[in-house]
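Student: I'd like to learn how to read a protein model. Could you take me through one, feature by feature?

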Amino acid sequence: MSMPKIAVIGDRDSILGFKAVGVITFPATGPEEVKEALREVMRGDYGVVFITEQAADQAREAVEEVNARPTPILVPIPSSRGSLGLGMAQIRRSVEKAVGADILFGKEGR
Amino acid sequence: MEIRVNPTRMELNRLKRRLAMAQRGHKLLKDKRDELMRQFLVLVKKNKELREEVEERLAGAFRKFMLARAVMSAEAVEEAIMYPKERLEVKLGRQNIMSVHAPKLTWEKVSRETESIYPYGFAETSAELDDSISTLAELLPRLLELAEVEKAVMLLAAEIERTRRRVNALEYVMIPQLASTVRYITMKLDENERASLTRLMKVKDIVRAKGV
């Protein structure tokens, strides 16, 4: 079995801490950098890739592309500047897709 | 809506078999959908809880990290964490949830020498950095768990949608179509039978009238 790596994509402040615990970091702030980082993790042997919501927001198409593949697993995380609620929105989308209605989050806004 | 076929007995038998098959498939798919849904709801609940927990703790770690950056110079922080001491080795396996292949993650810590998770000495760094890094180290397994659950939820949602489409296609299109075609052929055959019967009776009448 292969030994996939863990990576994190985002702005420096958000990802630097991860470096200390042995996660491979891809600093990326602009859309182009994020896209390039995503391309990079698709090429390499990565099992799990965390990406700050701010970064994910800048390259939605590339994010979808990664999501369509079995690996790496792309997980949006809040950045050091806080959460955009993107990760939760994704769960909500899954529920809507499966159930046909949003039964999990009730009416608590979008 | 009927399927255009020749109203023959052979066609009728064929259609009846297809109808029975469609009904069986429909029942099976419905069961599959219900079970998928049950599993999905359990997973999605777990997903939500995990994400809430992780996001909150991550925010805490970031706060401390920012504090650390405020009291230490950027270079000092970068230097301190330049060489990670600990590494998580991840293994990517597969789990099978109702024949949906979701990734399964297992991991173990690989640390070099000592017990300390900090890749630096304590002399030149601030306590906030220690705090933030130890929180992150604790959080990483939870993050991986989140990754696994979240992917499974996404895959299951797609599978449920697919299954529901198939159930609906069978229920609202295939089965009514087959049933009405079966009815059409039966009626046509009965009609033909009655027609030939009356024809025979008529012929007999004519023959009898001429014979006398």
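Student: In which strand of chain A does Ile9(A) lie?

Tutor: Ile9(A) lies in strand β1 of chain A, residues 5-10. Helices (H or I, at least four residues) and strands (E, at least two) are DSSP runs, numbered from the N terminus. Some ground rules: this is a predicted model, where local features need pLDDT of at least 70, side-chain atom pairs count only at pLDDT 80 or more, and totals for chains, interfaces and linings use all residues. Residues are numbered from 1 along each chain as its sequence is written, chains are lettered from A and ligands numbered from 1 in the order in which they are written, and side-chain values use heavy atoms, with hydrogens and water left out.

Student: Is Ile9(A) buried or exposed?

Tutor: Buried means under 20% relative accessible area, exposed over 50%, and partly exposed in between (1.4 Å probe, protein chains only). Ile9(A) has a relative accessible area of 0%, so it counts as buried. Contact means heavy atoms within 4.5 Å. Not counting residues up to four places away in sequence, Ile9(A) touches a list of residues including Ile15(A), Phe26(A), Leu38(A), Val49(A) and Phe50(A).

Student: Which helix of chain B holds Tyr184(B)?

Tutor: Look at helix α3 of chain B, residues 127-211. Tyr184(B) is partly exposed there, because its relative accessible area is 28%. The C-alpha atoms of Tyr184(B) and Ile3(B) are 181 residues apart along the chain, yet 9.6 Å separates them. Leaving aside neighbours within four places in sequence, Tyr184(B) is in contact with Glu2(B), Val5(B) and Pro7(B).

Student: What is the mean pLDDT of chain B?

Tutor: pLDDT is the predictor's confidence in each residue, from 0 to 100. Where it is low, the predicted coordinates should not be read in detail. For chain B the mean is 87, and 92% of its residues reach 70 or more. The model also scores ipTM 0.86 and pTM 0.83.

Student: How much area do chain B and chain A bury between them?

Tutor: The size of an interface is often given as the accessible area lost when the parts come together. Buried area is the accessible area (1.4 Å probe) that two parts lose on being put together, summed over both. Here that comes to about 4,100 Å², 72% of it on carbon and sulfur atoms. In terms of residues, 47 of chain B are in contact with 46 of chain A.

Student: How many salt bridges does the rule find across the interface of chain B and chain A?

Tutor: A salt bridge is a side-chain nitrogen of Lys or Arg within 4 Å of a carboxyl oxygen of Asp or Glu. The rule finds 1 across this interface. In the salt bridge of Asp13(A) and Arg69(B), the N to O distance is 2.4 Å. On the side of chain B that touches chain A, α1 (9-71), α2 (74-80), β1 (86-97), β2 (100-111) and α3 each supply at least two residues. The largest share, 17 residues, comes from α3(B).

Student: What about backbone angles?

Tutor: Most residues other than glycine have a negative phi, and most peptide bonds are trans. Now look at Met98(B), with a positive phi of about 50°, and Ser99(B), with a positive phi of about 60°. Met98(B) sits in the loop between β1 and β2 of chain B, and Ser99(B) lies in the loop between β1 and β2 of chain B too. In chain A, a cis peptide bond joins Thr71(A) and Pro72(A), with omega about -5°. Pro72(A) belongs to the loop between α4 (60-67) and β4 (73-77) of chain A.
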